[in-house]
Amino acid sequence: MAPQTRIRVTSTDWITPSEPTPVHRRLTPLSDWDVVMFKSYTPLLLFYTNNDNLPDFMNTQLLKCSLSEVLTDFYPLAGRLRDIGLGRDEIDNNDAGVLFIEAEYRDELNKYKRNGYLPSQMDYHHMFPIHFYSSSQDPLLGIQITRFMDGGVALSMMMLHKIADMYSVSYFLDAWAKKTRDVEYEPALFNRRLIEFPMDTVISDEAIAHYREDHRVSQQNECHLVRMDPNQQKYAKTSANGPMPLKSVILEFHATGLQLCKKDAHTEEMIASKKWLSTKDTLFAMLIRAIIRCRQMPEDVPIKMKVSVNGRSKMKNNREMDYYFGNWMVSQDITYTLQEVEETNMAHTAITFRQQMNKIKAPLFHSISKIYTLHEDMTVNYLNYHLNSHVQSTANDVSMLPFWSSDFGYGIPDRTRSYITFGGNGCMIIFSRGDNSHGPIYDVQLQLDANSMRRFIDDPDIQKYTAEIHY
């Protein structure tokens, strides 16, 4: 008999804009950066504890009404994708609606708070409204409110990656929360001209290298093992010959541990010459080195971490980009071997990380944009999915995005999480914490195979700098 879920759906609704979409706004074009993106949902999960035992905590009708109102500034989110040929889609702003589900969780939220809301201990899967995009009738945005027996609430969102990156997800969530509190906000901009490349843009070698790495033209030389037994069904339970089980860990980093990590990363020469590293540089360096060590690959095998970079941060003197809604991100690779980790110190890795991140400039985005225009059939430009493995991890640093301040009038969320099972072995995401500047600063959510995870948790640096480890 299949295990019974602890979650029961109590209502399903479709939320439409409070005012119908004007005729002149019925179509929203997608940029080339949207077109090449995957048709998969970006997951976000926020936990709100009802510490004051309010009977009307996170009122459903209030949330639905404010959602309907805020959609008048985000009409495309209530629309549907429409295929217009040659690998392109556009958004038909037909007011079909946003999926809104309410559910009950037969347990208390505070029980899971003590363990960092660990995915392996909660029914994350059923706390999300939708998982797979399969037809043109599927929503571009799904929201679920899950209520716990002690009054706590989990708010989850699934937004289609084809229309928005994580920055855009954050911008919409912030606008919705402000609308609920009757606070002003700047409407999002769907103006694709904001990311048009200048006429004098040159296709650079750097852009070509990025394009070859991340798009379908890429040739994979290595073959990564997905299932040990080719006869095993894709979603079968793990067996002796099946895929390695994946485990999740939540790392809490407080100010004291981050300061110690930063201090240890500076050599005497760096201090004397006043060459300073940032807290984020040293945190990433420490995590990258620990992940490489836990993989136990041959010492000369390159191990790559793909780090997402928000293009808006590279667009100087263009304030409108702060409100741009869509995809505008690239990934930057940080590659090390185990031998290099053993022969260098944390400062070396931190400096390398900073140099690689600083290499990403606006001309790279414009140059890639120009490459997209070389092919009329956009399917040629579609992104190539790189399965995570022992030689590749992915990192998404969203700590600069204000998820932690998403206040719908009932206080800020206690924690923010993602549902990273879809990314496989080696997904990492970094969230910021806003509850106490002298205590928790960052939460790192990481998924690894069980053997690597055991070694990662026991890594001396992880033990030294992490305040709490939940696994």
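**Legends to close-up views of a predicted model**

**View 1. Contact residues between helix 2 and helix 4.** In helix 2, the residues L62, L63, S66, L67, E69 and V70 meet F172, A175, W176, K179 and T180 of helix 4. The residues of this contact comprise seven nonpolar, two polar and two charged. The structure shown here and in the other views is a predicted model.

**View 2. Geometry of the pair formed by helix 2 and helix 4.** Helix 2 spans residues 60-70 and helix 4 spans residues 166-180. Their axes lie 9 Å apart, and the two helices pack at an angle of about 120 degrees. Angles of 65 to 115 degrees count as roughly perpendicular and those over 145 as roughly antiparallel; helix 2 and helix 4 are therefore oblique to each other. The crossing of helix 2 and helix 4 is right-handed.

**View 3. Crossing and contact of helix 8 with helix 10.** Helix 8 covers residues 279-295, and helix 10 covers residues 346-358. The axes of these helices come within 8 Å and cross at roughly 115 degrees. Helix 8 and helix 10 are therefore roughly perpendicular to each other. Their crossing is right-handed. On the side of helix 8, the contact is made by D281, T282, F284, A285, M286, I288 and R289. Helix 10 contributes M346, T349, A350, F353 and R354. By class, the residues of the contact of helix 8 with helix 10 divide into seven nonpolar, two polar and three charged.

View 4. D461 is found in helix 13, which runs over residues 460-465. The relative accessible area of D461 is 18%. A residue counts as buried under 20%, so D461 is buried. When residues up to four places away in sequence are not counted, D461 touches M286, R293 and M346. Of these, M286 belongs to helix 8 and M346 to helix 10, and both take part in the contact of those helices.

**View 5. The protein chain as the setting of the close-ups.** The protein chain contains 13 helices and 16 strands. Its radius of gyration is 22 Å, close to the 23 Å that the globule rule gives for 471 residues, so the chain is as compact as a globular protein of that length. Along the principal axes, the C-alpha atoms fill a box of roughly 60 × 60 × 55 Å. Of the 471 residues, 54% count as buried. Among contacts with a separation of 6 or more, 79% are between residues 24 or more positions apart.

Methods:
Residues numbered from 1 in each chain as written. Predicted model: local features only at pLDDT ≥ 70, side-chain atom pairs only at ≥ 80, totals over all residues. Heavy atoms only, no water. Axes fitted to C-alpha atoms, helices over the stretch in contact; angles between N-to-C directions. Helix = DSSP H or I, 4+ residues; strand = E, 2+ residues; numbered from the N terminus. Parallel < 35°, antiparallel > 145°, perpendicular 65-115°, else oblique. Left-handed = near helix turned anticlockwise from the far one by under 90°. Contact = heavy atoms within 4.5 Å. Nonpolar A, V, L, I, M, F, W, Y, C, P; charged D, E, K, R; others polar. Buried < 20%, exposed > 50% of the residue type's maximum accessible area, 1.4 Å probe, protein only. Rg over C-alpha atoms; globule rule 2.2 N^0.38 Å.
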